[in-house]
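Have a look at the model first, then we'll walk through some strands and helices.

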Amino acid sequence: MSDHGSQPATPEQPSPPEKPARNLDAYRAHYAERTTGMTASEIRALFAVASRPEVVSLAGGMPNLAALPLDSLAAEVARLISVDGQIALQYGSAHGVPELREQICEVMALEGITAHPDDVMVTAGSQMALDMVTRIFCDPGDVILAEGPSYVGALGSFAAYQAEVVHVAMDEDGLQPDALRQAIADVTAQGKRIKFLYTIPNFHNPGGITLALPRRSEILEICAQHGILVVEDNPYGLLGFDGQPHPALRSMDADNVVYLGSFSKTFASGLRVGWVLAPHAIREKLVLTAESATLCPPTLNQMIVSRYLSTHDWQGQIKIFQEQYRERRDAMLSALEQYMPAGCTWTRPDGGFFVWLTVPEGVDTKAMLPRAVTQRVAYVSGTGFYRDGFGSRQMRLSFCYPTPERIREGVRRLANTLTEEMELVRTFGTVPQRSVPGPQAPSPDTA
Ligand SMILES: Cc1ncc(COP(=O)(O)O)c(C=O)c1O
C-alpha cells in the first residue's frame with residue numbers, strides 16, 4: 001500500500017474533468033456589507049515572506065518559546081488527559097474553567113488588580129475578547145478612540161464591525177491627555193458617538209511606549225468625565241525589563257475599565273487562552289456573545305494553563321522570558337545606534353517586543369519593503385497600524401523572536417537598504433517605484 005494516498009492517474013485513467021470554478025463575483029454579491037472593511041493585514045501577508053530562512057524577520061510578534069520546560073509540560077499534559085480526560089475533553093461553560101478564573105485573579109494581582117473570579121471570562125486569546133467587546137458596543141459609524149499607531153489586530157476587529165477609529169497621539173510618555181481631550185471634543189462636535197477608548201498602556205504594540213504613571217489617572221479622569229469606557233489591552237504588562245509591573249488602569253478604576261489579559265506572551269500563544277475582566281453588567285453580555293461565537297473556550301487548553309500555573313514556577317519562567325527579551329532589546333538598540341543613518345529616530349522600550357522606527361522625510365517604508373526583503377530583512381511598515389493613512393515614515397521592528405546575532409545582522413541589512421533608499425531620494429527627489437520582484441521576494445502585500 002502506498003503511504004501517499006491514491007496513485008496518480010495514468011494516461012489510460014484520465015482524471016475526472018475539473019468543475020468550472022464558480023465566479024468569485026457570485027459570492028461577493030452576497031457578502032454582508034460589514035465585510036468590505038475586512039482586508040488581509042500587512043502582517044499576515046508578511047508571514048509567507050518572512051518565514052524563509054535567509055530572511056531575518058524583524059516583522060512578526062511571535063513569542064520565543066525556546067525557554068519553556070517542554071518535557072515537564074508534556075508529562076503534565078499526559079497526566080491531565082489520563083486522570084481528568086473526561087472533563088478536559090468535554091464541553092465547558094462559556095464563562096471558563098472556575099479554577100483558572102481564580103488563578104487569573106492571582107496573576108492580575110501582580111498589577112494591583114483586585115477582582116472576583118465571577119467577573120473574569122476566559123477567551124480564546126485576548127483577540128477574541130477584543131472582537132466580543134467591539135461586537136457588544138459598536139454599531140456601524142460609532143467611534144473608537146485609539147492610540148496612533150495601534151495594534152493591527154484591534155484595528156481589524158474594529159473594521160469588521162464598521163466602527164470608525166480616531167487616533168490619539170502619543171509621545172514618549174504614552175497617550176497624550178490633551179490630544180485625548182481634543183479628540184473627544186472634535187468627535188462630539190461632529191455629532192458622532194464615542195463607544196470606548198482602546199489603549200495598550202504597557203510596552204505598546206507597535207509603539208514600544210509605556211503610559212507614564214501620572215498620566216494613568218488623568219486619562220481615566222478624562223474618560224470618566226465624558227462617560228467613555230476604557231478598554232485596557234495588556235498582554236505585555238508582565239514583560240517589563242526594569243522592576244515591578246506598572247499598576248493597571250483597571251486597578252485604579254474598577255467601574256469604567258474593561259481589562260484584557262492573555263497567556264500568549266507569558267506562556268504559550270498556541271493554546272489561545274486569554275481573558276476579559278469586565279464590570280459585572282457587561283460580563284453578562286460577554287458570556288452571551290461568547291456562547292454564540294464558540295459555545296465555550298477550549299477546556300483542555302484552559303486546564304493545561306491551570307495545571308501549569310499550579311505546578312510550575314510560572315513567575316520564575318516570566319523572569320526567564322524577561323531576561324531573554326531584554327538581551328534582544330539591547331541587541332536591537334545597540335545595532336540601531338551603530339548602523340542607522342542620521343535622521344532616523346526610534347523608541348527605547350522598557351519591556352515587550354517592539355521598537356518603533358521613524359525614517360527621514362521622503363522615504364516610504366511600505367514602498368521600501370520589497371527592496372528590504374531582497375536584502376533579506378523584513379519589518380512591518382507603519383501604515384498597517386493606522387486607519388487613516390499615516391505611518392508611511394514609520395516601521396515596527398520586533399526583537400522577540402530572532403537571536404541577538406540575527407537581530408544585529410537584520411538591523412545592519414535594514415540600515416544598508418535605508419541608506420540606499422535615502423541616496424535615491426537625494427538624487428531623484430523621490431524613489432523610483434520598481435515593479436515587485438518575482439517569487440523569490442514577493443511583495444508582502446501580495447504574498
Ligand atoms: C496589543 C495586543 N493585543 C492583543 C493581542 C492578541 O493576543 P492573543 O494571542 O491573546 O489573542 C496581541 C498579540 O500580538 C497584541 O499585541
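Predicted model: local features only at pLDDT ≥ 70, side-chain atom pairs only at ≥ 80, totals over all residues.

Residues are numbered from 1 along each chain as its sequence is written. Helices (H or I, at least four residues) and strands (E, at least two) are DSSP runs, numbered from the N terminus.

**The sheet**

- Four strands make up an open sheet, ordered β10-β11-β14-β13, with antiparallel pairing; two strands pair if DSSP finds at least two bridges between them.
- β10 and β13 (380-381) sit at the edges with a single partner strand each, so one side of each has no neighbour in the sheet.
- β11 and β14 are joined by five bridges in the antiparallel sense.
- β10 and β11 also run antiparallel, with two bridges between them; Trp-346 has Leu-357 in β11 as its bridge partner.
- Two bridges link β13 and β14, again antiparallel, and Ser-381 is partnered by Met-395 in β14.
- Four of the five residues of β11 are buried, so this strand is largely enclosed by the rest of the structure. Buried here means 20 or more other C-beta atoms within 10 Å of the residue's own (exposed is 12 or fewer, partly exposed is in between), with C-beta atoms placed from the backbone.

**Helix α12**

- Helix α12 (residues 314-339) has 26 residues, which at 1.5 Å a residue should span 38 Å, and its end C-alpha atoms are 37 Å apart, which agrees. The expected span is 1.5 Å times one less than the number of residues.
- The buried residues of α12 are Phe-321, Tyr-325, Arg-328, Arg-329, Ala-331, Met-332, Ala-335 and Leu-336.
- Their cover includes the strands β10 (345-346), β11 (354-358) and β14 (394-398), along with the helices α9 (264-268) and α14 (404-428).

**The α5/α6 pair**

- α5 (residues 125-137) and α6 (residues 152-160) pack at about 30°, with axes 9 Å apart. Axes are lines fitted to C-alpha atoms, for helices over the stretch in contact, and angles run from 0 to 180 degrees between N-to-C directions.
- The two helices are therefore roughly parallel to each other (angles under 35 degrees).
- On the α5 side, the contact is made by Gln-127, Leu-130, Asp-131 and Thr-134; α6 brings Gly-153, Ala-154, Ser-157 and Phe-158. Contact means C-beta atoms, placed from the backbone, within 7 Å.

Terms used. Contact = placed C-beta atoms within 7 Å. Parallel < 35°, antiparallel > 145°, perpendicular 65-115°, else oblique.
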